Amino acid sequence: MPLESEYRPIIIPTESQPPLNRWQECGQLIANHLRLGESLLLDMDGLVVKSDSLDRPELTTPKIVPSIKALENLGAKVGVATARGIQIIDYLRNEHGLRMDGPAILEDGHVLINEGTRTCLAAPNHTRFIADVRQELMFHPEFQISWSNVRTLSKAFDMFSFCPGGFQWQGENRASLWFPTNVEKVDDQIVLTTVFEPVLREIAYKNSLDYENDLDVSINRMSVGNLAIISIKGKINGLPVTKGTAAELLTQPWVFVGDGFGDIELSEKTKRLNGAVI
C-alpha cells in the first residue's frame, strides 16, 4: 500500500531520453492517483498525435495505443485536454478502438465534456460569431479554399492569400486561419491588424460582442511550411478562455500528461486542485 505522501501532486520533468527510473516514477505516480478514481487527461499535439501532420491526425508512435488501452481495461477514465475539436476523440475511437470516456477539454477550453454533459465556455453569441466568421471570410478577395491553393499562389505568383486552418483544430467556438509567410515575425502582426482585424471587428459588432473584451485573437507560426496561424477564440469577463478555465469545472482531481509550454497554466491548476502532472 503506497504511503499517503505518495499521493501528493508533483511534477516530474522528463528529458529527451529520461532514464528508466524516471519512467518508473511516472508509472507509480499515475497508478497511485488512478487508484483514487481520478481521470487521466492527455495532451494531444506532440504527445499522442504529431503536431505537424496538417492533413489528418497521425500518431506520434503506434506504441501509445496499446498503453492507453491497457489503462482503459484496468478501469481508468482516459480523456483529453487539447486545442483540437471533437474530431480527435472520434479519430481515436473509430481508428484505434479507444474508449476515451474520461473528461474532454476541447477547443482550448471552450468545450468541456464530462460524464455526458457538454458545456460551452464563451461570451453569449460567440458560437454564432465563429460561424459568421467562417461564412463571411469566404467572400474575402484573398480567400482560398485550401492550403494547397494558398501555397501555389504564394510560390508561383508571390501572391498573398489565406485559407481556413486544418479541420483538426476547428470547432464551434474556435476558428483558425492559415497564410504563408517568408518575412520577419513582426510582420505577421501587421497582416493580422490590416487584413483580418477590420473584418473581425465588424462581425463582432454584428453579434453584439466587444472585440477587446469578448474575443481572443492571436497569431503564431508552425515550425514547418512557413505557416502563420491566426487563432480566433473567446474571453469571459475580459479573460481568455483556456484549458485551465474548463478544468476549474471538473469536480475531482485528475492526472495531466503534457509536453510543452502551452500546458503550463493547466499544469498549475492541476497541482492546485490536488492532481498530478507529468
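Strands β8 (residues 215-222) and β9 run antiparallel and are joined by eight bridges; strands here are DSSP runs of E with at least two residues, helices are runs of H or I with at least four, and both are numbered from the N terminus. Two strands count as paired if DSSP finds at least two bridges between them. The model is predicted, with pLDDT of at least 70 needed for local features and 80 or more for side-chain atom pairs, while totals for chains, interfaces and linings use all residues. Residues are numbered from 1 along each chain as its sequence is written, and side-chain values use heavy atoms, without hydrogens and water.

| Strand paired with β9 | Bridges | Bridge partners |
|---|---|---|
| β7 (residues 175-180) | six | Ala 175 and Ile 232 |
| β8 (residues 215-222) | eight | Ser 218 and Ser 231 |
| β10 (residues 239-240) | two | Pro 240 and Lys 235 |

Strand β9 spans residues 227-236, and nine of its ten residues are buried (under 20% relative accessible area; exposed is over 50%, partly exposed in between; 1.4 Å probe, protein chains only). β9 and β10 form a hairpin with two residues between them, and Asn 237 in this turn has a positive phi of about 55 degrees.

In helix α2 (residues 64-73), Ile 64, Val 65, Ile 68 and Glu 72 are buried. Seen down the axis of α2, these residues fall within an arc of 100 degrees, so they line one face of the helix; the arc is that of the directions from the helix axis to the C-beta atoms. They pack against β1 (39-42), β2 (78-81) and α3 (87-96), contact meaning heavy atoms within 4.5 Å. The face of α2 turned away from the buried side carries the exposed residues Pro 66 and Asn 73. Just after α2, Gly 75 takes a positive phi of about 100 degrees.
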